[in-house]
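This report describes selected side-chain contacts in a protein model. Please examine the sequence and structure before reading on.

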Amino acid sequence: MATHKNWSRWRPQTLAVRGGQKRSEFQETAEALYLTSGYAYEGPEEAEARFKGAAGYTYTRYGNPTTSIFEERMALLEGAACGRATSSGMAAVTASLLCCLKAGDHIIVARALFGAIRYVVEEILARFGVSNTIVDGTDLAAWRAAVKPNTRILFFETPSNPTLEIVDIAGVSEIAHAAGALVIVDNAFASPVLQRPIQFGADVVVHSSTKYIDGQGRALGGVILCSEDFLKNHLQIFLRNTGPAISPFNAWLHLKSLETLQLRMREHCRNAETVANFLGEHRNVRRVFYPFLESHPQQNLAKAQMSGGGGVVTFVVAGGKNEAFRVANALKLIDVSNNLGDTKSLLTHPATTTHQRLTPEARVAAGVVDGMLRIAVGLEDAADLCDDLDQALSSI
Ligand SMILES: *Cc1c(COP(=O)(O)O)cnc(C)c1O
């Protein structure tokens with residue numbers, strides 16, 4: 001393998017194409033896929049040395065050359081010291097929490113949170129003696145008021161799903177650090193192209209690389225980006241022994257996808273803005289949520305910490321569940337699917353899918369009304385997407 005380069009001099013798009021690349025003796029131009037679970041040694045002496053910590057690989061649960069390139073490239077893009085990839089976004093979120101929490105600790109999370117993460121916090125962590133407070137993520141005073149002497153972690157996603165609320169990363173980080181706690185940000189909706197939370201004070205960034213990083217709806221994956229301290233003291237040993245390792249094949253897919261991430265995100269944003277503006281003027285649409293729209297209550301904050309509004313647009317149709325379902329059923333191009341971050345535009349009804357498990361009261365608190373639809377705008381021609389939405393909305 002070729003020697004390590006000093007990557008810090010290059011700009012993000014260059015890092016996305018080349019960051020972390022190591023070539024084998026064959027000098028391949030595309031990064032090699034090392035689909036292997038184990039590694040052979042020259043002899044027992046080398047095996048002994050590796051197990052004592054010498055550089056090199058021992059087992060793919062611990063590390064893999066293809067996965068390492070993906071991790072290093074992600075760390076470079078997020079401005080983090082280190083990265084570790086996992087089998088899914090939820091594996092990344094769960095590991096980032098379990099690796100450093102213990103019974104008696106307290107965690108604060110934003111209310112507008114991915115459903116599975118709420119389950120991990122409210123059910124699993126609680127079962128092991130980690131208490132939680134759930135706050136309105138947009139309200140800095142609420143974060144501040146929730147801090148206790150045993151608070152260890154403040155966790156949120158921004159923009160949030162599905163109402164695209166923005167959490168002030170610098171503001172929450174200041175509150176956390178004053179209390180000696182860590183900030184973990186789920187950056188799946190923005191990707192490192194649009195938002196780099198570490199730059200605003202976050203300590204750890206987690207990703208579902210299943211979404212925009214893969215970008216083509218093919219493979220699950222997750223990433224945790226952190227400091228060397230966090231890796232050495234918490235994460236490394238947790239991952240090695242619990243085993244949420246990513247398949248080298250999925251790591252390779254996501255690594256190669258990073259090369260086009262910036263191009264795709266720019267186009268997702270452009271299409272989403274077109275769709276958001278179109279929906280905003282439609283007679284059968286009551287409300288549109290998109291971070292960079294004039295009508296978004298936190299447009300200024302969104303523009304301060306993001307370089308684009310992202311690919312997700314949420315809207316409320318004139319009516320309730322029946323009307324929302326009628327629109328979804330009338331679509332001819334856009335698919336009904338709860339996934340996002342695909343080249344194909346996907347539409348979901350959050351109240352009956354991603355947010356179905358919440359109590360009606362919790363759904364209202366999360367702003368998820370029955371007439372709400374979320375569209376993860378893909379890379380088709382935006383005019384076709386607007387045509388499809390127009391004919392579907394006219395069915396109301
Ligand atoms: C999809 C998603 C996750 C979970 O990722 P998986 O790869 O599906 O496990 C976590 N957070 C956010 C914001 C997501 O959109």
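## Aromatic pairs

Tyrosine 62 has a relative accessibility of 30%, so this residue counts as partly exposed; buried means under 20% relative accessible area, exposed over 50%, and partly exposed in between (1.4 Å probe, protein chains only). Tyrosine 59, at 39%, is partly exposed as well.

Tryptophan 143 and phenylalanine 156 form an edge-to-face aromatic pair, with 5.7 Å from centre to centre and 65° between the planes. Rings of Phe, Tyr and Trp (its six-membered ring) pair if their centres lie within 6.5 Å; planes under 30 degrees apart are stacked, over 60 edge-to-face, and the rest tilted. Tryptophan 143 and phenylalanine 156 are both buried.

## Basis of the model

The model is predicted: local features need pLDDT of at least 70, side-chain atom pairs count only at pLDDT 80 or more, and totals for chains, interfaces and linings use all residues. Residues are numbered from 1 along each chain as its sequence is written, and side-chain values use heavy atoms, with hydrogens and water left out.

## Salt bridges

The structure contains 13 salt bridges, each a side-chain nitrogen of Lys or Arg within 4 Å of a carboxyl oxygen of Asp or Glu. One of them joins glutamate 31 and arginine 73 at 2.7 Å, N to O. Both glutamate 31 and arginine 73 are buried.

Glutamate 71 forms a salt bridge with arginine 84, their closest N and O atoms being 3.8 Å apart. Glutamate 71 has a relative accessible area of 9% and is therefore buried. Another salt bridge, at 3.0 Å (N to O), connects glutamate 122 with arginine 118.
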